[in-house]
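Please keep the sequence and the model in view while reading.

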Amino acid sequence: MSDSRVLLSIENLKKYFPLTGGVFRKVIGMVHAVDDVTLDIYRGETIGVVGESGCGKTTLGRTILRLLDATAGKITFMGRDITHVKGSDLRAIRREMQIVFQDPMASLDPRVTIKNSVGEPLLINGVARGPRMRAMVLDLLQKVGLTEDHLNRFPHEFSGGQRQRICIARTLALNPKFVVMDEPTSSTDVSVQAQTLNLMKDLQDEFGLTYMFISHNLSVVKHMSDRLAVMYLGKIVELTPEDIFRKPLHPYTFALVSAVPVPDPRFSGRAVILSGEVPSPINPPTGCRFHPRCIFAQEICSSEEPLLRDMGDGHLVACHFAGELDFGRSAQMEYARAAEAEAS
Amino acid sequence: MSQSQDLVLSIKGLTTNFYTYEGVVKALDGIELSLKRGDTMGVVGETGCGKSVTAKCVLRLIEPPGRIDGGQILFYDRDPKTGETQETDIVQLTPLEMLSIRGNRIAIVFQDPATYPNPVFRIGAQIAEVVTLHQDLGREALEVRIKELEESLKNSPSPEHQAKIREQIEHYVSMLENPPKPDRKYARKAAWAKAVDMLRLVRMPSPDQIANQYPHELSGGMRQRALIAMALACNPSILICDEATTALDVTVQAQVLNLLNILKKEIGASILIITHDLGVVAETCNSVTVMYAGTTVESAGTKQLFENPVHPYTIGLLTAIPKLHENKERLDQIPGTVPNLINPPTGCRFHPRCAFATDICVSDRPSLEEVLPGHYVACHHPQGNL
């Protein structure tokens, strides 16, 4: 673990939520939200995390930030084990790691002005107060494209996109190294989403940030990320530095990619329709967790759990038959091919 | 009215305002939309462009402080028995008259499958309610009754008893031609059977069992399918899907869109799909209407619109979505934000964000004109290949 490029590394991270029932609130089961995830995050990169609802992507982000306590496993941040740090040590680490939530309206106090909302982290950590805080807040707001007039306004006076910018400004107040973006654009419109995504990229270059970008929108994650992790039922099934749609090796990734509607009517109706829905994480299927919905499933899939294997160039896949399966071509691939042909 | 022959819905100059304390929100300002019979049309636009308000106007679900202040919503309903087409202006109907159209001839599926089914009633009962409310179940109730009698005929002990049942069956069969008002008990049974049929139509596994379940026992995708079944229960002329797949995961969304594509062929209803996702439009619709800030900006066939967008807003919308295959550093963005509809911009409502805007855009409102066959645009400076 002495690789200096690694900013944060997690090993065999698990987060189970107990399920209680009965008169004495006895633990009757466990929700396996994050189950045995190992991941290295490099300095300056954006790691994207995609998956359907309930796959544990948000829990993963929160557990890494110590907003939730891990059930098992180890989190190393800048060479230091932070899995069990407490008190002022934890607070010091929190300055380095921040999060942007999905709903900006819910994460801003409606009765606090923007100046005080953005300035609060500065105040709490004793960085600045009074006129100096105001100057710093103004500087941050200008970085995200807001002006001095906005300082004394309240959250309800802003549009959704502006509110998200305010939240981003607040996360940047303490000059963090690592920021988790938890579905930052899923509540905004297409045109505003483009603005927010561009802003995030600009800020990453300016502040030298490392992002973990969590979203269910494959196209957005793909646009933002250097590497992409696909999660299914608490596990990473595929981790790739390449274009995920070009060379998916896991059947789930392929189905996920092909289910994204292509914004071109020439390629409609070619989605691979997965049967059923995501099973409950309380009693996840044995073996490969995807096997009940997988069209390629064989006997071994229900008995043995596939481990993440390196398929070359850091492309990791957890599938018994990785590289041996022929998925055919998805609409996305055809669309890309056509777009490339048109461009050349 | 030769054109209206193949239309099922035609919205002309629809204007809807919301009278709030902060001022009059001009939510819809002269919407133009026409839906052909058997077509699937997508209505796209960003939050606040009025796409959901349009849907609610069509069903007359606008409540104070909102009010429909002008325009026409012409609904050409074809009687399934006689084949005659009847023109109705929905704006002029009384609330009572509207009851026979809403949920019956025009049905809607809303966005959030978690909140729309009533949590305390079984799925089957909720679908059956729609059926009992709108359909005269006389014939179906008689059929159920005859079927039950035939069952009991098999188990009947004595010949006299059998003769009695046969007599009853004959009596009911003779009534089939001209069924009377159904008996409550048998109408309920007939409606329930219809509900199970509807669940089967939307490809629900074991529909009998699902009909007996409560909404919380179903997953999001199944709930949405149950809502589609409910909407289709009365064979509507128009099915409106208001962001019907937005709350679903992509793989489940693909299932529902696939189902809509199949049902479209089976039921022969015209479908209006309201969405902000251009991918969904490309996947399911054969024509598109693009809305911006309460106005219709462009309307064309899906292929035409995606290949040759003409309005600057449509072009911006198409380029602002990140695409899976592209490796772009930055996305093309439309500057600014959607305007406040209390004080909408003068002239063309898009002009403050438009790169091609000139003086005329500030002063004059462009009207919707046909620039290419079947391709309508409201813009002073249309782009694209004309």
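Predicted model: local features only at pLDDT ≥ 70, side-chain atom pairs only at ≥ 80, totals over all residues.

Residues are numbered from 1 along each chain as its sequence is written, and chains are lettered from A and ligands numbered from 1 in the order in which they are written. For chain A the average pLDDT is 87, with 97% of the residues at 70 or above. Within chain A, confidence is lowest in helix H10 (residues 331-343) of chain A, where the mean is 71, and highest in strand S8 (residues 210-215) of chain A, at 94. The model as a whole scores ipTM 0.80 and pTM 0.85.

The helices and strands named here are DSSP runs numbered from the N terminus (helices are H or I, of at least four residues; strands are E, of at least two). Two strands are said to pair if DSSP finds at least two bridges between them. Strands of a sheet pair through backbone hydrogen bonds, either parallel or antiparallel.

In chain A, 8 strands form an open sheet with mixed pairing, in the order S6-S7-S8-S3-S9-S10-S12-S11. Strand S6 (97-100) and strand S11 (309-310) of chain A stand at its edges; each has a single partner strand, so one side of each is left without a neighbour in the sheet. Strand S7 (residues 178-182) of chain A pairs with S8(A) in the parallel sense over 5 bridges. Met181(A) has Phe213(A) in S8(A) as its bridge partner.

Chain B contains an open sheet of 4 strands, ordered S2-S1-S4-S5, with antiparallel pairing. Its edges are strand S2 (23-36) and strand S5 (85-89) of chain B, each with a single partner strand, so one side of each lacks a neighbour in the sheet. From one strand to the next, the twist averages 10°. Strand S1 (residues 7-20) and strand S4 (residues 66-78) of chain B run antiparallel and are joined by 8 bridges; Lys12(B) has Gln72(B) in S4(B) as its bridge partner.

Elsewhere in chain B, strand S11 (residues 369-372) and strand S12 (residues 375-377) pair in the antiparallel sense over 3 bridges. S11(B) and S12(B) form a hairpin with 2 residues between them, and Gly374(B) in the turn has a positive phi of about 75°.

How do the chains meet? In all, 38 residues of chain B are in contact with 39 residues of chain A, contact requiring that the C-beta atoms of two residues, placed from the backbone, lie within 7 Å. Helices H9 (250-267), H10 (278-284), H11 (302-307) and H12 (312-320) of chain B each supply at least two residues to the side of chain B that touches chain A. H9(B) gives the most to that side, with 8 residues.

One helix contact deserves a separate description. Helix H6 (residues 190-207) of chain A and H12(B) pack with their axes 9 Å apart, at an angle of about 50°. The contact is made by Val190(A), Ser191(A) and Ala194(A) of H6(A) and by Gly316(B), Leu317(B) and Ala320(B) of H12(B).

Notes. Axes fitted to C-alpha atoms, helices over the stretch in contact; angles between N-to-C directions. pLDDT = per-residue confidence, 0-100.
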